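This briefing is intended to be read alongside the sequence and the 3D structure. Please keep both in view while reading.

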Amino acid sequence: RDVVWPAWLSWEPEPVVPALGPTATALNWPEDAAARLARDTRALTGEIRFADGRKVRLERKNSAQADHQLEVLVDWLEERYRALGVETRRDRFDWRGIAQSNLVAVIPGAERGPGSRPVLLVDHFDTAFAEDEHKKSGARVSVPGADDNALATALLLLAAEALQGARLKHDVWLVHLTGEEFPGDDLGARRLVRTLLAEKRRLGGVVVVDMIGTRDAGDPVFQVSAGGGPASLNLAAEAVALASAAAPGLTARLRTRFDPGSYIYNTDALIFSHAGYPTVLVNEHLNYGHNLERAHYHETTDDASRVDFSYAARVGRVAVE
């Protein structure tokens, strides 16, 4: 009450959410999507196997660990995409003297030249340091990260197959980012966005997937959080319109940019939104007021046994569609 706002200061009105009717799905989505997500999530939180028979147990997945195994994980992703005949582009760089990589798999569309505007489907494949272990011993140990965010990485692999048969106008980039978790602080996203801005690259939109597999028993809600601006809001409205067809039995809740229920502030999506790109985050029913302090979040117990893969397959389909 003691603050006097200057006369020239005006407030933006609450954004008007576009009213869109139900939208039909367009992709050939596999009936065994949940089983495929489960298979790859278990590999990404346990042991990955290469075509030559080599096996690697993934135990160090935070980007700040000098001996992290994220480069091996990207090797495995590259091999998976090669097996599908999908082109990949790897951006190698150093951070704090530690080798890092982002990976982009490209599903080509028909449009070429200056009119091309890629659409990005984004995950992060690094994992957090375990809060439970740090409280107990002071040690920094990376978590398995089934829900956060191996499940989304598995979804992008599934999307590569579903999108290959689609008639796409623009390229779809399946973007695997490193360093989202502390202390990287959206490291890979900042790296990619800096490159996109330097190239003056226009994008059709950015769909970020981060945590799609945990819910309270019987809770049908998942979230679609819009970035800033009307283009992000339009993209979010399209995702919500898909929900009845792509995620039967679930309810999509649209969160505008400054809705207290939005979760975009705590993800890579914020970096794309700040750069001006049309952005949405698709995630489970998780925000500052709901389930943020749930058990197993950023803990050693975030493993595949706790993931609801049926729920994740439906939420994930909305993101891919």
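The model is predicted, so local features need pLDDT of at least 70 and side-chain atom pairs count only at pLDDT 80 or more, while totals for chains, interfaces and linings use all residues. Residues are numbered from 1 along each chain as its sequence is written, and side-chain values use heavy atoms, with hydrogens and water left out.

- Helices (H or I, at least four residues) and strands (E, at least two) are DSSP runs numbered from the N terminus.
- Helix 4 comprises the 19 residues 146-164, and its end C-alpha atoms lie 26 Å apart, which agrees with the 27 Å it should span at 1.5 Å a residue; the expected span is 1.5 Å times one less than the number of residues.
- Strand 7 (residues 205-209) is largely enclosed by the rest of the structure, because five of its five residues are buried.
- The cover extends to both faces of strand 7, with Gly205, Val207 and Val209 on one side and Val206 and Val208 on the other.

**Strand pairing**

- Strands pair if DSSP finds at least two bridges between them.
- Strand 7 runs parallel to strand 5 (residues 119-124), with four bridges joining them; Gly205 is the bridge partner of Val119.
- Four bridges also pair strand 7 with strand 10 (residues 279-284) in the parallel sense, and Val206 stands opposite Thr279 there.

**Surface patch**

- Val3, Trp5, Trp8, Leu9 and Trp11 make a nonpolar surface patch of about 700 Å². Patch residues have over 30% relative accessible area and no salt bridge, with like charges joined within 9 Å and nonpolar side chains (Val, Leu, Ile, Met, Phe, Trp, Tyr) within 5 Å; areas come from the Shrake-Rupley method with a 1.4 Å probe, and for residues only the protein chains shown count as cover.
- Trp11, in the segment before helix 1 (33-44), counts as exposed at 65% relative accessibility.

**Salt bridges**

- A salt bridge places a side-chain nitrogen of Lys or Arg within 4 Å of a carboxyl oxygen of Asp or Glu, and the count comes to 22.
- Asp40 is buried at 5% relative accessible area and forms salt bridges with Arg39 (3.3 Å, N to O) and with Arg80 (2.9 Å between the closest N and O atoms).
- The latter pair links distant parts of the chain, Asp40 in helix 1 and Arg80 in helix 2 (residues 70-84), 40 residues apart.

Conventions: Buried means under 20% relative accessible area, exposed over 50%, partly exposed in between (1.4 Å probe, protein chains only).
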